[in-house]
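Please read it with the structure open.

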Amino acid sequence: MHLTPATQSDAREICDLMNQAYRGSQGWTSERNLVEGDRITVDQVQEMILSPASVFLVHKALGKIVACICVEPSNGVAHIGSFAVAPQYQGTGLGGSVIAWAEKYAQERLSAKKYTILVL
């Protein structure tokens with residue numbers, strides 16, 4: 001398992017992944033019956049990627065982004081969000097591995113002592 005920092009050229013693919021994971025008809029993370037419209041826009045993803053206050057990480061399989069997560073450090077706390085796993089990879093353990101990797105990254109590189117994650 002390895003995550004790499006996202007680049008601006010990843011923004012469209014990340015946007016599509018997040019909208020598929022949360023607004024699509026497949027996967028257990030779909031919020032389609034709770035919320036209408038897109039979960040995120042390309043512009044919002046680009047803002048997070050470019051923000052010096054956060055680190056947006058992605059995991060690729062077969063050259064495609066299949067998981068993403070954003071970590072924003074603040075006073076020793078790593079706020080974790082924008083977490084998504086492609087529906088076809090849900091239930092495989094990938095999501096847990098991504099969160100564990102992001103927590104380790106936050107601890108080792110961002111000096112985080114606590115983690116928070118917000119979900120709908």
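A pocket here is an open set of grid points with protein on both sides within 12 Å along at least five of seven lines, and its volume is the space filled by probe spheres set on the points. The model discussed is predicted. On these terms, the second largest pocket holds about 180 Å³ of space.

**Second largest pocket**
- Strand 3 (64-74), strand 4 (77-85) and strand 5 (114-117) are the elements that each supply two or more residues to the lining of this pocket.
- Strand 4 contributes the most, with four residues.
- The lining includes Cys70, Val71 and Glu72, along with His79, Ile80, Gly81 and Ser82.
- Also in the lining are Met48, Ser54, Thr116, Ile117 and Leu118.
- Sorted by class, the lining has six nonpolar, five polar and one charged residues.

**Overall fold**
- The chain contains three helices and five strands, arranged along the sequence as β-α-α-β-β-β-α-β.
- Of the 120 residues in the chain, 43% are buried.
- Among contacts with a separation of 6 or more, 56% join residues 24 or more positions apart.
- The accessible surface is about 7,000 Å², and carbon and sulfur atoms account for 50% of that area.

- In soluble globular proteins, nonpolar side chains tend to be buried together.
- In this chain, the largest nonpolar core has 37 residues, and Ile14, Phe56, Cys68 and Ile69 have the most contacts inside it.
- Helix 1 (11-23), helix 2 (42-50), strand 2 (55-61), strand 3, strand 4 and helix 3 (94-110) each give two or more residues to this core.
- The largest share, seven residues, comes from strand 3.
- Leaving aside neighbours within four places in sequence, Cys68 is in contact with Ile14, Leu17, Met18, Phe56, Leu57, Val58, Ser82, Phe83 and Ala84.

- Which value does phi of Ser82 take? It is near 45°, which is positive in a residue other than glycine.
- Ser82 sits in strand 4, lines the second largest pocket and is in contact with Cys68.
- Ser82 counts as buried because its relative accessibility is 17%, and the cut-off for buried is under 20%.
- Ser111 also has a positive phi, near 55°, and is likewise not a glycine.
- Ser111 is located in the loop between helix 3 and strand 5.
- At 48% relative accessibility, Ser111 is classed as partly exposed, since exposed requires over 50%.

Key: Residues are numbered from 1 along each chain as its sequence is written. This is a predicted model: local features need pLDDT of at least 70, side-chain atom pairs count only at pLDDT 80 or more; totals for chains, interfaces and linings use all residues. Side-chain values use heavy atoms; hydrogens and water are left out. On a 1 Å grid over the protein atoms alone, a cavity is a set of points where a 1.4 Å probe fits but cannot get out, and a pocket is an open set with protein on both sides within 12 Å along at least five of seven lines; lining residues have an atom within 4 Å of a point. Ala, Val, Leu, Ile, Met, Phe, Trp, Tyr, Cys and Pro count as nonpolar, Asp, Glu, Lys and Arg as charged, and the others, Gly among them, as polar. A nonpolar core is a set of buried Ala, Val, Leu, Ile, Met, Phe, Trp, Tyr and Cys residues joined through side-chain atoms within 4.5 Å. Buried means under 20% relative accessible area, exposed over 50%, partly exposed in between (1.4 Å probe, protein chains only). Contact means heavy atoms within 4.5 Å. Accessible areas come from the Shrake-Rupley method with a 1.4 Å probe; for residues, only the protein chains shown count as cover.
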